[in-house]
Amino acid sequence: MNLSDSQTAGDIPTPIPRRVTAMEAVLSHLRGAIERGDYAIGDKLPSEAELCRRLEVSRPVLREALRALQTMGLTVSRTGKGTFVVSDGAVADPTFGDYAASDLLEVRRHVEIPVAGYAAVRRTPEDLDHLTHLLERMERETDTTAWVAMDTLFHLAVAEAARNPVFRRVIEEIRDALARQSAFLNDVGGRREQANREHRAIVEALADSSEHDAIEAMEHHLARVESTLSSIIGPAHRAAPTTDGAEGEERG
């Protein structure tokens, strides 16, 4: 598989195109092959060892791509038998844990946006210190698994700052789904840096005790989550570039 940085010729000079990871390249390659019919519905994909050999990537990178294909509804993994194609197009509404993405986003819009407003006027200095410390850790973190865990803690901490235990209970209920969605968007959509900026805007609004700005910041954050998910589930990307050698851009 040809692995090189993507080049764009658009009119907008910024932002600089994000470097595509090895996992994203593998996912794009396999997704494209399924959607073209190279692997038909009912076909079994080559073994992990064979795909690693063909695509020149490590097994962890390949497994992340295979998990993403399954989340997108293109494949299913059968223990001891392998991975089979079950659709030639990504599902419009993927499932994260026990919840469909559309249901999850709907609840988040109706809960987390007003929660951010309440948190801005009810948060304590201790709440703000906790959120600031958590945000700083997230901005330094490079490991996907660790970052995703802190992402869910961040949203729990905002709910805690709203001083209503029901809000925290709701976020606790969807915590596993949030983590799965966060990992998917981070691995496939490269959202980590953008999410960090969005989280910082939320914390700054809470620091200013601005209900309006907090609501606006959370609303923007969730809108970006939704738009990134929509862009991933849409038609497969035409290009499938990654790094100078697939191993170099593995994500933890």
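**Figure 1. Overall view of the predicted model.** Helices (H or I, at least four residues) and strands (E, at least two) are DSSP runs, numbered from the N terminus. By this rule the protein has ten helices and four strands. Along the sequence they follow the pattern α-α-α-β-β-β-β-α-α-α-α-α-α-α. This is a predicted model, in which local features need pLDDT of at least 70 and side-chain atom pairs count only at pLDDT 80 or more, while totals for chains, interfaces and linings use all residues. Residues are numbered from 1 along each chain as its sequence is written, and side-chain values use heavy atoms, with hydrogens and water left out. Of the 252 residues, 45% count as buried (buried means under 20% relative accessible area, exposed over 50%, partly exposed in between, with a 1.4 Å probe and protein chains only). The accessible surface comes to about 12900 Å², and carbon and sulfur atoms account for 49% of that area. Accessible areas come from the Shrake-Rupley method with a 1.4 Å probe; for residues, only the protein chains shown count as cover. Among contacts (heavy atoms within 4.5 Å) with a separation of 6 or more, 74% join residues 24 or more positions apart.

**Figure 2. Confidence along the chain.** The predictor's confidence in each residue, from 0 to 100, is called pLDDT. The protein averages a pLDDT of 86, and 85% of the residues score at least 70. Over residues 2-16 the pLDDT is below 50, and the model gives this stretch 17 contacts beyond near neighbours in sequence. Residues 237-252 also have a pLDDT under 50, and here the model has 54 contacts beyond four places in sequence.

Figure 3. On a 1 Å grid over the protein atoms alone, a cavity is a set of points where a 1.4 Å probe fits but cannot get out, and a pocket is an open set with protein on both sides within 12 Å along at least five of seven lines; lining residues have an atom within 4 Å of a point. Grid points are joined across faces, edges and corners, and a volume is the space filled by probe spheres set on the points. The structure holds one cavity of 30 Å³ or more. The largest cavity has about 160 Å³ of space. It is lined by 16 residues, of which Arg108, Asp151, Ser182, Leu185 and Val225 are the closest to its centre. Helix 6, helix 8, helix 9 and helix 10 each supply at least two lining residues, and helix 8 has the largest share, with five. By class, the lining has five nonpolar, seven polar and four charged residues (Ala, Val, Leu, Ile, Met, Phe, Trp, Tyr, Cys and Pro count as nonpolar, Asp, Glu, Lys and Arg as charged, and the others, Gly among them, as polar).

**Figure 4. Close-up of the second largest pocket.** The second largest pocket has a volume of about 400 Å³. Its lining is made of 16 residues, and those closest to its centre are Arg67, Thr71, Arg180, Ala183 and Phe184. At least two lining residues come from each of helix 3, strand 3 (95-96), helix 6 (144-161) and helix 8 (175-189). Helix 8 gives the most, with five residues. The lining is split by class into six nonpolar, six polar and four charged residues.

Figure 5. Val115 is found in helix 4 (residues 101-122). Its relative accessible area is 4%, so Val115 is buried. Leaving aside neighbours within four places in sequence, Val115 is in contact with Val158, Ala159, Ala162 and Phe167. Val115 and Phe167 are 52 residues apart in sequence, and their C-alpha atoms are 7.3 Å apart in space. Thr228 lies in helix 10 and is buried because its relative accessible area is 9%. Not counting residues up to four places away in sequence, Thr228 touches Leu185, Gly189, Arg191 and Gln194.

Figure 6. Most residues other than glycine have a negative phi. Glu56 is not a glycine, yet its phi is positive, at about 60°. This residue lies in the loop between helix 2 (48-55) and helix 3 (59-71). Glu56 has a relative accessible area of 56% and is therefore exposed. Ser209, also not a glycine, has a positive phi of about 55°. Ser209 sits in the loop between helix 9 (192-207) and helix 10 (211-233). With 38% relative accessibility, Ser209 counts as partly exposed.
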